[in-house]
Amino acid sequence: MRINFDDLINPDLHPEYEPERIFSDDTSFIDVVTQDEGANSNLYIDSTRQPVVMVDNLHVKYQVYSSGKAVGASGARRLLQSNMRGVRTVHALKGISFVAYENESIGVIGSNGSGKSTLLKAITGLTPPASGSVYARSRPSLLGVGAALIPGLSGDKNITLGGLALGYSRQEVEKMREEIIKFAELEEFIDLPMRTYSSGMSARLKFAIAASKQHDILIIDEALAVGDAKFKKRSEAKIREIQENAGTIFNVSHSMNSIKETCNRCIWIEKGVQKMDGDPDTVIKAYQAHLKKK
């Protein structure tokens, strides 16, 4: 029997399911950071502003296996010397500390492999710290709903899936559908399967869906690196809109112009070390001077 797409997401066609409770109402096990405990931190917190994210002496280390050495120069079967295998520790972040406040858009810059994406993964909770702490007022959101989208379905159907994945109701998705299509510039292609889209078209649709939601803490990792100049300008305007609505944004980018246009603060990380934290123009100037010396 062929199943219709709308039947899959229609709650009226599925029996109600009430799962057994696996969490109790007892919250006594939760550690609450008191003001006195916070005073023991080396972080400076501006009492006139509302902190949203606190990163305190964050260290992240990866345990990776060293590659084995092949025995013999050729042949169909290559044996690896097991005694040459070992575990290598990569110290990706080394003592990162800062406080992010409401209405801040923070650019994160640095050379390839400097730890920018690792920092964002630590803030979102995807990468556990080896030592140090990360505190957030609410759960940070990584920009993108790629996991919820299906290449075989049309862009229009994927807007429904993406909206539901973000927590919208069917009615709310319908209200914003036209705006999402227009923002992504896909009016002529919205009924085609996503597998026929170019990488830029797919990226525009994902950004349009994800940016339709107001985020308290939004993490953007090179999401503005796609699209033409017109789309980038609209994307940057959307980011400023989220920021002005009391959102806090972290934007990783190799585009210094994008950082200058969208951010009011910049953090420079180099080889896992926090080099500078301050005004974007000042930090970017120092970073570019460092690149010229390399």
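Author: The buried residues of helix α3 are Lys-116, Thr-118, Leu-119, Leu-120, Ala-122, Ile-123 and Thr-124. The model is a predicted one. Helix α3 spans residues 116-124, and because seven of its nine residues are buried, the helix is largely enclosed by the rest of the structure. The cut-off behind this reading is a relative accessible area under 20%. Just after α3 comes Gly-125, whose phi is positive, at about 90 degrees.

Positive phi values also occur in residues other than glycine. One of these is Glu-185, with phi near 55 degrees. Glu-185 is placed in the loop between α5 and α6, the latter helix covering 199-210. Its relative accessibility is 22%, so Glu-185 counts as partly exposed. Lys-271 is another residue other than glycine with a positive phi, near 55 degrees. The loop that holds Lys-271 runs between β10 (265-270) and β11 (273-278). With a relative accessibility of 66%, Lys-271 counts as exposed.

The helix α5 named above packs against another helix. Helix α4 (residues 155-165) and helix α5 (residues 170-184) meet at an angle of about 125 degrees, and their axes lie 10 Å apart. α4 is therefore oblique to α5, since an angle from 65 to 115 degrees would be needed for roughly perpendicular and one over 145 for roughly antiparallel. The crossing in which α4 passes α5 is right-handed. On the α4 side, the contact is made by Asp-156, Ile-159, Thr-160, Gly-163 and Leu-164, while α5 contributes Arg-170, Val-173, Arg-177, Ile-180 and Ile-181.

Thr-248 belongs to strand β9, which covers residues 248-252. The relative accessible area of Thr-248 is 0%, so this residue is buried. The Thr-248 side chain reaches the backbone oxygen of Tyr-101, at 3.0 Å. When neighbours within four places in sequence are left aside, the residues in contact with Thr-248 include Val-52, as well as Ala-100, Tyr-101, Glu-102, Asn-103 and Glu-104. Asp-216, Ile-217 and Leu-218 are also among the residues in contact with Thr-248.

How values were computed:
Residues are numbered from 1 along each chain as its sequence is written. This is a predicted model: local features need pLDDT of at least 70, side-chain atom pairs count only at pLDDT 80 or more; totals for chains, interfaces and linings use all residues. Side-chain values use heavy atoms; hydrogens and water are left out. Helices (H or I, at least four residues) and strands (E, at least two) are DSSP runs, numbered from the N terminus. Buried means under 20% relative accessible area, exposed over 50%, partly exposed in between (1.4 Å probe, protein chains only). A polar contact is a pair of N or O atoms within 3.5 Å; within protein, one must be able to donate a hydrogen and the other to accept it, and residues adjacent in sequence count only if both atoms are side-chain atoms. Contact means heavy atoms within 4.5 Å. Axes are lines fitted to C-alpha atoms, for helices over the stretch in contact, and angles run from 0 to 180 degrees between N-to-C directions. Angles under 35 degrees count as roughly parallel, over 145 as roughly antiparallel, 65 to 115 as roughly perpendicular and the rest as oblique. A crossing is left-handed if the near helix is turned anticlockwise from the far one by less than a right angle, and right-handed if clockwise.
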